[in-house]
Amino acid sequence: MFFERPDAGETAVLVHVDFQDEQEREDPGEFLELVRSAGAEPATLLTGSRKRPDSRTFVGSGKLEELREALAVHSAELVIFNHGLSPSQERNLERELKCRVLDRTGLILDIFAQRARTHEGKLQVELAQLEYMSTRLVRGWTHLERQKGGIGLRGPGETQLETDRRLLRGRIKSIHKRLDKVRGQRDQNRRSRARAEIPSVSLVGYTNAGKSTLFNSITESQVYAAGQLFATLDPTLRRLEIEDVGPVVMADTVGFIRHLPHKLVEAFQATLQEAAEASLLVHVIDAADPDRELNVEQVETVLDEIGALEVPTLRVMNKIDLLDSAPRIERDGEGRPEVVWLSAREGRGIELLEQALSECLAEDVIDFTLTLEPEQGRLRAGLHELGAVREESFCEEGQTRLQVRLPRRDFLQLMARLGERADDYLPASLSEREAWEESP
């Protein structure tokens with residue numbers, strides 16, 4: 001776009017290097033999935049091990065020669081590294097190999113660019129790409145010298161490189177303004193939901209854990225779901241009804257990945273804010289993945305970056321069909337749902353997830369028996385209108401006995417509307433007055 005680079009085809013030679021530092025290691029299997037998700041054709045995977053990357057070309061001279069041979073044998077025009085490369089390393093490699101070189105961050109950005117569908121998603125991807133390219137402008141336009149003076153040749157006195165940087169800064173500033181507007185709209189929508197006291201649930205998890213399939217199962221939607229990395233990029237919100245809670249807004253968000261580029265996290269701040277301000281996070285985990293614990297750590301790292309680590313979380317162990325396991329709910333010492341085991345693809349255990357969501361979101365549900373006099377018909381009608389009456393029977397004296405179950409908040413609002421005192425109807429064990437007196 002702003003600079004000239006060698007042409008690149010779809011056939012790629014892949015490079016993966018193991019380092020002694022565990023934190024720097026990447027998964028070659030995941031790397032292959034990323035390459036396929038981008039639409040490239042992996043010709044061969046070159047592997048090796050080093051104590052630390054070479055400062056000039058990331059790999060040593062021997063591996064560089066292997067790369068030249070592999071490119072010639074497979075007639076490839078693209079080399080993809082499963083690691084982050086510095087601008088100078090990328091430039092030196094392209095000069096040595098005479099072909100296009102892409103690092104892990106560039107690969108992920110390319111996938112994101114293909115997946116973006118909404119206006120907001122495209123803006124976020126463009127911002128991340130421009131931020132990424134701004135550090136690599138030094139590679140291009142070296143054939144242009146500073147504009148010369150003289151009649152008809154006087155110019156602004158800056159190099160083409162400086163012009164490009166200025167154009168980039170202007171475009172980045174423009175996108176930031178537009179994303180700030182989108183962020184403001186999202187904040188306004190969240191405030192509206194908060195005023196209406198509608199809880200929000202965000203699905204989070206490692207990429208390809210099955211979030212979109214689960215989202216479709218529980219909301220009866222048709223969100224695109226595929227067995228590939230980053231199948232979902234743009235967030236999708238749906239409204240659903242949860243027993244004892246009422247309407248809930250559920251959001252399907254972009255999947256996380258190991259060493260997710262910081263520029264992407266920054267660019268997708270508006271989208272990820274849905275998770276940070278949710279009432280509950282549903283952390284979807286691929287139960288059949290041997291690296292699932294490591295994936296959980298990576299997701300929690302990103303959640304920490306966006307300030308969502310403190311949000312109450314319910315874990316969902318998905319894909320139990322691959323483990324021959326039965327759907328179940330695991331609870332903590334106080335009986336609260338902690339983990340739900342299910343299969344989103346087969347629809348097994350979805351009702352257990354709905355039950356767990358109800359228990360997590362409806363933390364203050366009151367369940368009691370109420371006896372009403374004939375003149376208290378407005379209260380009886382109000383309880384029926386809320387769908388709170390489980391059983392109803394009539395006494396010989398004309399009284400009505402109701403078995404009631406509803407959120408305390410709804411009961412208090414009904415009492416206020418009727419001008420009644422809630423404590424006059426609640427049993428002593430459920431009375432707010434008693435709870436207030438017992439509090440320290």
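This note sets out points on the fold, helix packing and selected residues of a predicted model.

1. Basis of the note. The model is predicted, and local features need pLDDT of at least 70, side-chain atom pairs count only at pLDDT 80 or more, and totals for chains, interfaces and linings use all residues. Residues are numbered from 1 along each chain as its sequence is written, and side-chain values use heavy atoms, with hydrogens and water left out.

2. Overall content. The protein chain has 14 helices and 14 strands; helices (H or I, at least four residues) and strands (E, at least two) are DSSP runs, numbered from the N terminus. Of its 440 residues, 48% count as buried. Buried means under 20% relative accessible area, exposed over 50%, and partly exposed in between (1.4 Å probe, protein chains only). Among contacts between residues at least 6 apart in sequence, 68% join residues at least 24 apart; contact means heavy atoms within 4.5 Å.

3. Helices α2 and α3. Helix α2 (residues 61–74) packs against helix α3 (residues 87–97) at an angle of about 55°, and their axes are 10 Å apart. α2 is therefore oblique to α3. Axes are lines fitted to C-alpha atoms, for helices over the stretch in contact, and angles run from 0 to 180 degrees between N-to-C directions. Angles under 35 degrees count as roughly parallel, over 145 as roughly antiparallel, 65 to 115 as roughly perpendicular and the rest as oblique. The crossing of α2 and α3 is right-handed; a crossing is left-handed if the near helix is turned anticlockwise from the far one by less than a right angle, and right-handed if clockwise. Leu-64, Leu-67, Arg-68 and Leu-71 of α2 make the contact with Leu-93, Glu-96 and Leu-97 of α3. By class, this contact of α2 with α3 has five nonpolar, no polar and two charged residues. Ala, Val, Leu, Ile, Met, Phe, Trp, Tyr, Cys and Pro count as nonpolar, Asp, Glu, Lys and Arg as charged, and the others, Gly among them, as polar.

4. Thr-57 beside this pair. Thr-57 lies in the loop between β2 (41–50) and α2. With a relative accessible area of 5%, Thr-57 is buried. Leaving aside neighbours within four places in sequence, Thr-57 is in contact with Leu-64, Gln-89, Asn-92 and Leu-93. Leu-64 and Leu-93 also take part in the contact between α2 and α3.

5. Helices α4 and α5. Helix α4 (residues 104–115) and helix α5 (residues 119–134) pack at an angle of about 155°, with axes 10 Å apart. α4 is therefore roughly antiparallel to α5, and the crossing of these helices is left-handed. On α4 the contact involves Thr-105, Gly-106, Leu-109, Phe-112 and Ala-113, and on α5 Val-125, Ala-128, Gln-129 and Tyr-132. The contact of α4 with α5 has six nonpolar, three polar and no charged residues.

6. Helix α13. In helix α13 (residues 408–418) the buried residues are Arg-408, Phe-411, Leu-414, Met-415 and Leu-418. Seen down the axis of α13, these buried residues fall within an arc of 125°, so they line one face of the helix. The arc is that of the directions from the helix axis to the C-beta atoms. Ala-416 and Arg-417, on the other side of α13, are exposed. Gly-419 follows α13 and has a positive phi, near 75°.

7. Most residues other than glycine have a negative phi. Ser-75, not a glycine, has a positive phi of about 50°. Ser-75 is placed in the loop between α2 and β3 (78–81) and, at 61% relative accessibility, counts as exposed. Lys-319 has a positive phi near 65° and lies in the loop between β9 (313–318) and β10 (328–331). At 18% relative accessibility, Lys-319 counts as buried.

8. Two phenylalanines. Phe-256 lies in the loop between β7 (246–252) and α8 (262–267) and is buried, with a relative accessible area of 1%. Not counting residues up to four places away in sequence, Phe-256 touches Val-204, Gly-205, Tyr-206, Thr-207, Leu-272, Val-299, Val-302 and Leu-303. Phe-394, in strand β13 (residues 389–394), counts as exposed at 59% relative accessibility. With the sequence exclusion of up to four places, Phe-394 touches Arg-380, Gln-399 and Thr-400.
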